[in-house]
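Dear colleague,

I am passing on the structure below, together with notes on how its parts are arranged. Please read the notes with the coordinates open beside them.

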Amino acid sequence: MKRTGQLRDLIHSPQTHFLMEAHNGLSAAIVEEAGFKGIWASGLSLSASMGVRDNNELSWTQVLDQLEFMNDATSIPILLDGDTGYGNFNNARRLVRKLEQRDIAGVCIEDKLFPKTNSFINSTSQPLANIDEFCGKIKAMKDAQQDDMFSVVARVEAFIAGWGIKEALLRAEAYRSAGADAILIHSNQKDASEIELFMKEWAGRHPVVIVPTKYYTTPTQFFADLGVNLIIWANHNLRTAILAMKNVTSQIFREQSLIHVEKNIASLEEVFRLQRVDELQLAEKKYLPPS
Ligand code: SPV
Ligand code: MG
């Protein structure tokens, strides 16, 4: 099945499914190998891994380049965190065309303003998009897609900005009517109370996606019981990599030696395996003249 169809199935399945964050070809391959059925191409992780901020400092074509490596390294669908769509409806619909050309299964856009700021930084002072303008963007994106199975997820930032449940429901309903394939309801609370409230009021109208980065202590079964369709583990490969790199780098700096490091890092053989060196060796036998 095409990746667009695979993502569609995850979103519409009666079971709760999961997307795991990746930010380059290597982390994407690791996500697939672990057994995940889909990848979250996190804006935070993509930008941080390039040493820049999650404020659209990375251009959207730079994001596309990373996605191409991620897609080439895997066979599972990727949902791009497309921020605000990098501009107005026109930029967002062009993004959809470019994503489809690169076999990306779907994109999530959030109802903020370009250039966006990460939802966990000064959240209540973040302006939200005008509802009608954002609905026009969703419609333009849906009209632009060539593959019926490509997914546009609309992310509601009303809780993040402190606007409350009424605004969250108003926006979610508007985005559903505009043609979004799912609603991502985001919350920065330490508990899942906002998500619980939303899910009860929403009452299964349309698929829902959540990102439990801040309310991570909530058991996953609780979300499944609420009817959440898709859970995104949004930045955990990036944060793992940061800690691991910091530890090893400072150890090597301190000890000026590799003696105590080797056993705690991936072997070179593991690096070669993840790069699929074996495939190249077989291809060389097939395509190069015998030496
Ligand atoms: C991301 O992973 O970039 C997200 C999720 O958008 S969050 O950082 O929680 O806003
Ligand atoms: Mg993001």
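Helices α6 and α7 are roughly parallel to each other, because their axes cross at roughly 30° and angles under 35 degrees count as roughly parallel, over 145 as roughly antiparallel, 65 to 115 as roughly perpendicular and the rest as oblique. Their axes come within 9 Å, where an axis is a line fitted to C-alpha atoms, for helices over the stretch in contact, and angles run from 0 to 180 degrees between N-to-C directions. Helix α6 covers residues 131-144 and helix α7 residues 164-178; helices (H or I, at least four residues) and strands (E, at least two) are DSSP runs, numbered from the N terminus. The model is a predicted one, in which local features need pLDDT of at least 70 and side-chain atom pairs count only at pLDDT 80 or more, while totals for chains, interfaces and linings use all residues. Residues are numbered from 1 along each chain as its sequence is written, and chains are lettered from A and ligands numbered from 1 in the order in which they are written.

α6 passes α7 in a right-handed crossing (left-handed if the near helix is turned anticlockwise from the far one by less than a right angle, right-handed if clockwise). I131, F134, C135, I138 and K139 of α6 make the contact with R171, A174, Y175 and A178 of α7, two residues being in contact if their C-beta atoms, placed from the backbone, lie within 7 Å. By class, this contact has seven nonpolar, no polar and two charged residues (Ala, Val, Leu, Ile, Met, Phe, Trp, Tyr, Cys and Pro count as nonpolar, Asp, Glu, Lys and Arg as charged, and the others, Gly among them, as polar).

Two backbone features deserve a check. The peptide bond from F114 to P115 is cis, with omega near -5°, and P115 is found in the loop between β4 (106-110) and α6. Most residues other than glycine have a negative phi, and most peptide bonds are trans.

Around ligand 1 are S42, G43, L44, D81, N118, S119, V211, T213, A234 and N235, each with its C-beta atom, placed from the backbone, within 6 Å of the ligand. This shell divides into three nonpolar, six polar and one charged.

Best regards
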